[in-house]
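User: I'd like to learn how to read aromatic pairs, nonpolar cores and surface patches in a model. Can you walk me through them?

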Amino acid sequence: MQNRRWDILIAAVVVSLFGVLTVLSGGRALFGGSEARAAVGDAVPFVLWFNFLAGFAYVTAGIGLMLRTNWAAKLSIAILVATVLVMIAFGVHVLLGGAYEMRTVWAMSLRTVVWGVVVGLVIRNPDGPTPEPLDERP
């Protein structure tokens with residue numbers, strides 16, 4: 001039986017659920033009525049759109065991690081890099097005096113940490129244990 005990477009499986013479930021929640025909350029903020037838009041306060045539009053669209057990538061990466069695909073590790077790295085770049089752009093927006101919500105700082109920080117942990121798990125050994133060559137099996 002193949003050795004199961006429980007840490008990656010748990011991470012996959014977490015990021016999949018995180019992705020679904022991100023799509024739902026982002027969709028509500030972007031496409032909801034005036035009440036929903038008012039509830040987000042001074043949300044930064046490019047951050048809001050990035051998070052909404054990234055939610056779909058989170059779910060895709062989570063499914064790929066559950067299935068132990070090679071591309072899921074690459075997608076996880078891409079999500080982390082994109083999140084860091086958006087975080088930097090958000091920081092510039094704040095430094096230039098743009099309006100923002102403090103919860104955006106916390107949310108982007110959480111996203112960066114979560115994807116940093118996921119990437120750390122998958123690059124440690126993305127495919128699990130190295131299988132034995134066929135000619136060396138009993």
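**Reading rings, cores and a patch**

Analyst: Let's start with the rings: the structure holds 7 aromatic pairs (ring centres of Phe, Tyr or Trp, with Trp's six-membered ring, within 6.5 Å). This is a predicted model, where local features need pLDDT of at least 70, side-chain atom pairs count only at pLDDT 80 or more, and totals for chains, interfaces and linings use all residues. Numbering starts from 1 along each chain as its sequence is written, and side-chain values use heavy atoms, leaving out hydrogens and water.

User: How is a pair of aromatic rings described?

Analyst: By the distance of the centres and the angle of the planes. Planes under 30 degrees apart count as stacked, over 60 as edge-to-face and the rest as tilted. Here, Phe18 and Tyr58 are stacked, because their ring centres are 5.7 Å apart and their planes sit at 20°. The two are 40 residues apart, with Phe18 in helix H1 (residues 6–31) and Tyr58 in helix H3 (residues 45–66); helices are DSSP runs of H or I, at least four residues, numbered from the N terminus. Both Phe18 and Tyr58 are buried (under 20% relative accessible area; exposed is over 50%, partly exposed in between, with a 1.4 Å probe and protein chains only).

User: What about the rings of Phe31 and Trp49?

Analyst: That pair is edge-to-face, because the planes are at 80°, with the centres 5.7 Å apart. It links H1 and H3 across 18 residues. Phe31 counts as exposed at 54% relative accessibility, while Trp49 is partly exposed at 39%. Phe31 and Trp49 also form one aromatic cluster with Phe52 and Phe56.

User: Which residues touch the most other members in the largest nonpolar core?

Analyst: A nonpolar core is a set of buried Ala, Val, Leu, Ile, Met, Phe, Trp, Tyr and Cys residues joined through side-chain atoms within 4.5 Å. Of the 25 residues here, those are Val15, Val47, Tyr58, Leu65, Trp115 and Val118. H1, H3, H4 and helix H5 (102–124) each supply at least two residues, and H5 gives the largest share, 7 residues. Separately, there's a second core of 5 residues, including Val23 and Leu30.

User: And where does the nonpolar patch get the most residues from?

Analyst: Helix H4 (residues 70–95) gives the most, with 6 residues.
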